[in-house]
Amino acid sequence: MTTPDPIIQTITPTSHNLGDFRVHRSLPARERTMVGPFIFFDQAGPARIAPGQGVDVRPHPHINLATVTYMYEGSFLHRDSLGTEQLIEPGAVNLMTAGKGIVHSERSPDEDRAKLSKLSAIQTWLALPDRYEEMDPAFEHVGEGGLPIIDGGHARARVIMGSLWGKTSPVTTYANTIYADIQLSPGGSVPIDADAEERAIYVSGGDAALDGVMLQPQTLYVLRPGIRATLMSVDGGRVILCGGEAFKTPRHVWWNFVSSTTDRLMQAREDWEAMRFPLIPGDDQEFIPIPQGRPKTVSYP
């Protein structure tokens with residue numbers, strides 16, 4: 001009996017040059033918008049940023065989603081319209097729940113701008129289930145020491161969200177979610193269980209193979225539901241595992257907005273144009289304007 005291929009879809013990200021660094025965007029893609037609740041998946045960097053330079057993601061709005069920032073190298077200073085000011089560093093996670101509406105910015109801190117610095121991060125958005133879409137916005141930060149680690153010697157995994165390999169992250173989840181940072185030493189391996197309805201793996205650096213099939217870096221692989229597989233590396237690699245429950249109702253995406261209805265997206269567009277979103281204390285002099293032209297939404301499923 002032939003063993004089915006554990007990979008059902010391969011997504012090559014689009015790549016954008018943002019000056020000092022590149023961003024590889026795997027979701028949303030033309031062929032697929034979501035994996036579990038994950039509706040946006042970016043790898044930023046890795047990059048070296050010269051002294052006097054820095055990243056400035058100016059204030060911009062979100063609705064009906066949660067953003068998750070996870071740093072590999074470097075740091076960001078997060079500010080939002082709730083009054084939050086939080087430095088995020090490697091191994092920590094920022095979860096910002098937009099709900100009915102929030103504005104935030106992410107900038108390089110002054111101490112990083114004063115020297116040669118590094119930047120490498122995974123940034124994702126999670127769609128909120130219908131009952132949570134219009135909840136009050138919220139923010140939480142869990143430091144490096146607060147996320148559980150599974151260490152098998154040649155494989156080490158940090159559980160960012162959800163429950164994996166018998167460990168549970170303290171980070172809030174609104175839908176069934178799995179999210180982990182896996183570091184494989186040369187010859188290391190780790191089982192990829194079949195608990196979640198939808199799963200994907202992304203090789204952010206080094207090499208990795210799934211059931212003996214070599215995987216390409218900066219590529220998102222969607223896994224066949226219900227099948228177990230073994231992830232391994234020859235020379236060492238870093239892999240993100242993400243996924244969770246499949247959404248039963250469609251989600252629409254336009255610019256920084258996600259919603260179950262297109263009317264809500266258009267309302268958010270009008271609200272940002274009219275500056276009806278709240279401002280960020282201490283970072284209210286700049287903003288990212290609404291893209292020009294007729295909005296074209298992407299929908300899933």
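Colleague: Let's start with the rings. Which residues form one aromatic cluster here?

Modeller: The general idea is a distance check plus an angle check: rings of Phe, Tyr and Trp (its six-membered ring) pair if their centres lie within 6.5 Å, and planes under 30 degrees apart count as stacked, over 60 as edge-to-face and the rest as tilted. In this structure, one aromatic cluster is formed by Trp 254, Trp 255, Phe 257, Trp 272, Phe 277 and Phe 287. Before you zoom in, keep in mind that this is a predicted model, where local features need pLDDT of at least 70 and side-chain atom pairs count only at pLDDT 80 or more, while totals for chains, interfaces and linings use all residues. Residues are numbered from 1 along each chain as its sequence is written, and side-chain values use heavy atoms, with hydrogens and water left out.

Colleague: How many aromatic pairs does the structure hold?

Modeller: There are 11. One of them is Phe 38 with Tyr 179, an edge-to-face pair at 5.1 Å centre to centre and 75° between the planes. The two partners sit in distant parts of the chain, 141 residues apart: Phe 38 belongs to strand β4 (residues 38-49) and Tyr 179 to strand β17 (residues 177-184). A strand, by the way, is a DSSP run of E with at least two residues, numbered from the N terminus.

Colleague: Which other residue besides glycine has a positive phi?

Modeller: Look at Trp 165, with phi near 50°. Trp 165 is in the loop between β15 (163-164) and β16 (167-168), and its 22% relative accessibility makes it partly exposed.

Colleague: While we're on the backbone, where are cis peptide bonds found?

Modeller: One runs from Leu 27 to Pro 28, with omega near -5°. Pro 28 is in the loop between β3 (22-27) and β4. Another runs from Gly 45 to Pro 46, with omega near 5°, and Pro 46 is in strand β4 itself.

Colleague: Now the sheets. What is the strand order in the open sheet of seven strands?

Modeller: For the general idea, two strands pair if DSSP finds at least two bridges between them. Also, in a regular strand the side chains alternate between the two faces of the sheet. Here the order is β1-β22-β19-β24-β17-β14-β13, with antiparallel pairing. At the edges are β1 (7-11) and β13 (149-151), each pairing on one side only.

Colleague: How is β19 placed in there, and how many of its residues are buried?

Modeller: Strand β19 (residues 198-206) is mostly covered, with seven of its nine residues buried. On one pairing, β19 and β24 are antiparallel over eight bridges, and Glu 198 stands opposite Gly 244 in β24. β19 is also joined to strand β22 (residues 220-223) by three bridges, again antiparallel; there, Ala 200 has Val 222 as its bridge partner. As for β17, it pairs with strand β24 (residues 237-244) in the antiparallel sense over eight bridges, and Ala 180 has Leu 241 in β24 as its bridge partner.

Key. Helix = DSSP H or I, 4+ residues; strand = E, 2+ residues; numbered from the N terminus. Buried < 20%, exposed > 50% of the residue type's maximum accessible area, 1.4 Å probe, protein only.
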